[in-house]
Amino acid sequence: MGGGGFTMPDRSPALDELVLSLTGKPVPKICFLPTASGDQRDQAMRFHERFSAWPCEPSVLWLFHLARDRIDPVEHLLAQDAIYVGGGSMRNMLAIWREHGIDGAMRVAWESGVVLAGLSAGAMCWFEGGVSESGGRAQAAAGLGLLAGSLSVHMDSEPERLPVYRSAVAGGELPPGYAADDCAAVLFDGTDLVECVSSRDGARVVRVRPDGSGGVYETELPVRLLPGSLPAGRRTADSEAVAELRALRAGRHRWE
């Protein structure tokens with residue numbers, strides 16, 4: 001997901017509902033990882049608020065509190081039907097995952113058919129790379145590489161990412177890939193792109209590839225609007241939500 005879902009207020013639940021439906025289970029087990037935000041409790045609270053109202057078994061994996069929770073993180077993840085990763089710092093998140101063997105567990109889970117989902121850092125991490133602002137400015141960063149290619153997120157609400165992404169793809173620093181608006185998502189079955197979907201009318205996904213002359217070709221892909229989506233024209237609310245998420249990452253704000 002380029003952005004959206006339960007971590008941003010006043011959003012359609014359509015993308016989150018899609019994650020559950022993809023499991024094919026009547027009461028799926030779904031685990032949320034808030035690692036990228038430093039295990040902020042606010043994200044976990046919103047996860048439980050949304051998913052506890054649906055027929056599923058939600059849990060949160062706190063990698064910063066394993067001594068307290070006394071849980072085997074790999075064992076817990078491999079017992080899930082869906083794994084949902086939150087936004088924040090992709091670089092910091094992946095460093096922590098490697099320390100706990102989560103990077104390898106994600107590949108095992110994916111290969112066994114567990115649905116992997118996420119927004120922002122939690123979406124870019126599945127690809128070979130993306131554009132992260134973890135270092136204070138937008139720059140190319142490596143992901144897990146489960147999916148070939150790259151992803152840039154928040155195309156509409158954080159426009160400073162797109163020029164960096166174009167440059168990285170044009171120069172070969174990142175492989176060809178996709179740029180997604182908030183509320184837009186790319187859906188893969190294995191390594192194959194199935195479709196692009198959205199929870200807001202007008203949300204876009206663009207395929208970006210080098211043109212061989214120092215620039216890029218950009219192709220806007222068809223996007224299917226999910227049931228229960230927001231109407232077009234909600235960009236002001238979307239931008240405010242992203243600003244709140246940025247503040248959450250910095251630990252300066254608690255959700256009201």
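Let me start with Ser120, which is placed in the loop between strand E4 (115-118) and helix H7, where helices (H or I, at least four residues) and strands (E, at least two) are DSSP runs numbered from the N terminus. Ser120 has a positive phi of about 55° although it is not a glycine, and at 1% relative accessibility Ser120 counts as buried, buried meaning under 20% relative accessible area, exposed over 50%, and partly exposed in between, with a 1.4 Å probe and protein chains only. As background, most residues other than glycine have a negative phi, and most peptide bonds are trans.

Please keep in mind that this is a predicted model, in which local features need pLDDT of at least 70 and side-chain atom pairs count only at pLDDT 80 or more, while totals for chains, interfaces and linings use all residues. Residues are numbered from 1 along each chain as its sequence is written, and side-chain values use heavy atoms, with hydrogens and water left out.

Now to the aromatic rings. Rings of Phe, Tyr and Trp (its six-membered ring) pair if their centres lie within 6.5 Å, with planes under 30 degrees apart counted as stacked, over 60 as edge-to-face and the rest as tilted. By this rule the count comes to 13 aromatic pairs. Why is the pair of Phe6 and Phe32 called edge-to-face? The ring centres of Phe6 and Phe32 are 5.0 Å apart and their planes stand at 80°, so the pair falls in that class. This pair links distant parts of the chain, with Phe6 in the segment before H1 and Phe32 in strand E1 (residues 29-33), 26 residues apart. Phe6 is buried at 3% relative accessibility, and Phe32 is buried too, with a relative accessible area of 0%.

Trp97 and Trp126 form a tilted aromatic pair, 6.2 Å centre to centre with 40° between the planes. Trp97 lies in helix H5 (residues 90-100) and Trp126 in the loop between H7 (121-124) and strand E5 (127-132), so the pair ties together parts that are 29 residues apart in sequence. Trp97 is buried at 0% relative accessibility, and Trp126 counts as buried at 6%. Returning to Phe6 and Phe32, these two belong to one aromatic cluster with Phe47, Phe51, Trp54 and Tyr84.

My last stop is Leu221, in the loop between strand E12 (216-220) and strand E13 (223-230), a residue that is buried, with a relative accessible area of 13%. Leaving aside its neighbours within four places in sequence, Leu221 is in contact (heavy atoms within 4.5 Å) with Tyr178, Leu193, Cys196, Val205 and Arg207. The C-alpha atoms of Leu221 and Val206, which are 15 residues apart along the chain, are separated by 5.7 Å.
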